[in-house]
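My entries follow in the order I made them.

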Amino acid sequence: MIPLMAMPSATLAKQLNIVLIAGPDSHYYGAHDFEGGVKFLAKALKEASSDISVKTAFGGWPEDSSIFDNADAVIIYSDGLAKHILNQDNKHVLEKLHEKGVGIGFLHYACTVEKDDLGPEFLEWIGGYYEPYWSVNPKWVAGFRKLPKHPVTRGVRPFTIYDEWYYHMRFRVEMKDVTPLLTAVPPEKTRQKKDGAHSGNPHVRARTGMPEHVAWVALGDDKQRGFGLTGLHYHWNLAHPYLQKFMLNACVWLAGGKIPEDGLPIQKVTFQDMVDINPGEPDARWNREVKDLWEAKIDEWNQLTP
């Protein structure tokens, strides 16, 4: 990554220990590339502040539990449901960390669990989750036109981005201690799909024209911090300067750090940077047209003010 400008390392008032866990990569090249995403976030966090220490695990649940020693926050980026790396056998690890006040976050498909399996835990830890037959997962252009005032949104400007933004999440009753951070109105066509675990349902169709929350933070009964973001299906979207800043801010907030008024400093990211940090190999769906599309998009994003 090349510095966008001479930006000093942020001072966060204390040393933060953040654990980032990637599940096995899935889907096609550039999508669900969890290892590449975790490597990107780890690098960006360490470049943003010398007060941040990051530990990473790849390919599934960490075999060495010492990775959680002294953790201030744990963030999981993986598949969900039956492929979720968190299950009934290891959920007690997060339960104990949550009780100790460690922040917990889930990204994209990792937000998806069964209502009667890990649903109650997710409501407690992060305030919401993707519930099959209640939530939906279409790909659409989300326009985040107004951002609420919150430490996580510091320095983040309104932006528009195409991704697989899950919405109509199952949140706590009356959104108790849940603060939406990224909210947009989905295109009507995303509500009109046939019924299914991921495609559509009457509850979604009844919300015509209404805004949906796709990223949020939550507080527990003892002020434990939680975070959920439903996007980041596409590896390349981490190159967007405002989404990148949002993610770095969220990681630091989750760990209990003090976020600067302008947010965490970010880096200019080229298309080649994103390719280099992605351990996957191009497949049949990765052709010249797709490559050129993402390369042009990242070039366009680099013209935005950080």
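**Entry 1: Gln244.** I located Gln244 in helix α5, residues 241-254. Helices here are DSSP runs of H or I of at least four residues, strands are E runs of at least two, and both are numbered from the N terminus. The model is predicted: local features need pLDDT of at least 70, side-chain atom pairs count only at pLDDT 80 or more, and totals for chains, interfaces and linings use all residues. Residues are numbered from 1 along each chain as its sequence is written, and side-chain values use heavy atoms, with hydrogens and water left out.

Is Gln244 buried or exposed? I found Gln244 buried, at a relative accessible area of 1%. Buried means under 20%, exposed over 50%, and partly exposed in between (1.4 Å probe, protein chains only). I then listed the contacts of Gln244, leaving aside neighbours within four places in sequence: Phe40, Ala44, Leu238, Ala239, Ile266, Gln267 and Val269. Contact means heavy atoms within 4.5 Å.

**Entry 2: Trp140.** Trp140 sits in strand β6, residues 139-144. Trp140 is buried as well, with a relative accessible area of 2%.

**Entry 3: α2 and α3.** How do α2 (91-99) and α3 (119-126) pack? I read an angle of about 25° and axes 11 Å apart. Axes are lines fitted to C-alpha atoms, for helices over the stretch in contact, and angles run from 0 to 180 degrees between N-to-C directions. The two helices are therefore roughly parallel, the term for angles under 35 degrees. From α2, the contact uses Lys91, Leu94, Glu95 and His98; from α3, Glu121, Glu124 and Trp125. I sorted these contact residues into two nonpolar, one polar and four charged. Nonpolar covers Ala, Val, Leu, Ile, Met, Phe, Trp, Tyr, Cys and Pro; charged covers Asp, Glu, Lys and Arg; the others, Gly among them, are polar.

**Entry 4: the buried side of α3.** I noted Gly119, Glu121, Phe122, Trp125 and Ile126 as the buried residues of α3. They span an arc of only 155° around the axis, so they lie on the same side of α3. The arc is that of the directions from the helix axis to the C-beta atoms. Their cover includes α2, β4, β5, β10 and β11. Just after α3, I marked Gly127, with a positive phi of about 90°.

Definitions and conventions: Angles under 35 degrees count as roughly parallel, over 145 as roughly antiparallel, 65 to 115 as roughly perpendicular and the rest as oblique.
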